[in-house]
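Subject: Structure for your review

Dear colleague,

Please find below the structure that I promised to pass on, followed by my notes on what was found in it.

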Amino acid sequence: MPHKVLDQHADAESRAALQEVFAGFEERPELETRPSAHSRGRTALAVRGGAEIAHLHPADGSLHVSLAPLDARVVVARRWGEFHPLAGVARGLPEGWVLLYPPRDPAAARRIAAILTAAVDHAIPPTPQTPEPDRDTTALGFPTIRPT
């Protein structure tokens, strides 16, 4: 099931900035790039030997990314992206699989960098020496909702 942006594509400058953001993650030793398991012909950013984190659609500047479910809901609520129709339902797509809309300016490209960082942090489990802290905010810095 194709899931892509039909209009409002990023301009060349914003797409180039996004390519740089995406490429910056390739330097991390725990990550690798490889063909996407979810989008034929796309290059994915993935945990080395593990799950796909994101893949970029270079023609329009959008990307699919796997976020923690709470972070995905924040992204959708802020209208920075939308859930894939099959997220958490089929084809091995995680619950937090979202389409991020193309950046419209450099500030939006920086926001996408922050979202990708949150996705990477979610995908790479904390080491036993540094357990994930109990926190009152999501990885994107928004308040969590704690059950009472």
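To begin with the charged side chains, E32 forms a salt bridge with R34, and the closest N and O atoms of this pair are 2.5 Å apart; a salt bridge here is a side-chain nitrogen of Lys or Arg within 4 Å of a carboxyl oxygen of Asp or Glu. Please keep in mind that this is a predicted model, in which local features need pLDDT of at least 70 and side-chain atom pairs count only at pLDDT 80 or more, whereas totals for chains, interfaces and linings use all residues. Residues are numbered from 1 along each chain as its sequence is written, and side-chain values use heavy atoms, with hydrogens and water left out.

By the salt-bridge rule the count comes to three. E32 also takes part in a salt bridge with R48, where the closest N and O atoms are 3.7 Å apart, and this pair links distant parts of the chain, since R48 sits in the loop between β2 and β3 while E32 belongs to strand β1, 16 residues away. The remaining salt bridge joins E30 to R28, with the closest N and O atoms 2.6 Å apart.

As for accessibility, E32 counts as buried because its relative accessible area is 19%, where buried means under 20%, exposed over 50% and partly exposed in between, computed with a 1.4 Å probe on protein chains only. R34, at 25% relative accessibility, counts as partly exposed, as does E30 at 28%.

R34 is found in strand β1, strands (E, at least two residues) and helices (H or I, at least four) being DSSP runs numbered from the N terminus. The backbone oxygen of G50 lies 2.2 Å from a polar atom of the R34 side chain, a polar contact being a pair of N or O atoms within 3.5 Å, of which, within protein, one must be able to donate a hydrogen and the other to accept it, and for which residues adjacent in sequence count only if both atoms are side-chain atoms. Leaving aside residues up to four places away in sequence, R34 touches several residues, including T43, A46, G50 and E52, where contact means heavy atoms within 4.5 Å.

Turning to the fold, six strands form an open sheet in the order β1-β2-β3-β4-β6-β5, with antiparallel pairing; two strands pair if DSSP finds at least two bridges between them. The edge strands, each pairing on one side only, are β1 (31–35) and β5 (81–83).

Within this sheet, β3 and β4 pair in the antiparallel sense over four bridges, and L56 stands opposite L63 in β4. Four bridges also join β4 (residues 62–66) to β6 (residues 97–100) in an antiparallel arrangement, and the bridge partner of L63 in β6 is L100.

Helix α3 (residues 106–123) packs on the sheet, touching β1, β2, β3, β4 and β6, and its direction makes about 25° with that of β4; axes are lines fitted to C-alpha atoms, for helices over the stretch in contact, and angles run from 0 to 180 degrees between N-to-C directions. Both faces of β4 are covered, with S62, H64 and S66 buried on one side and L63 and V65 buried on the other.

With kind regards
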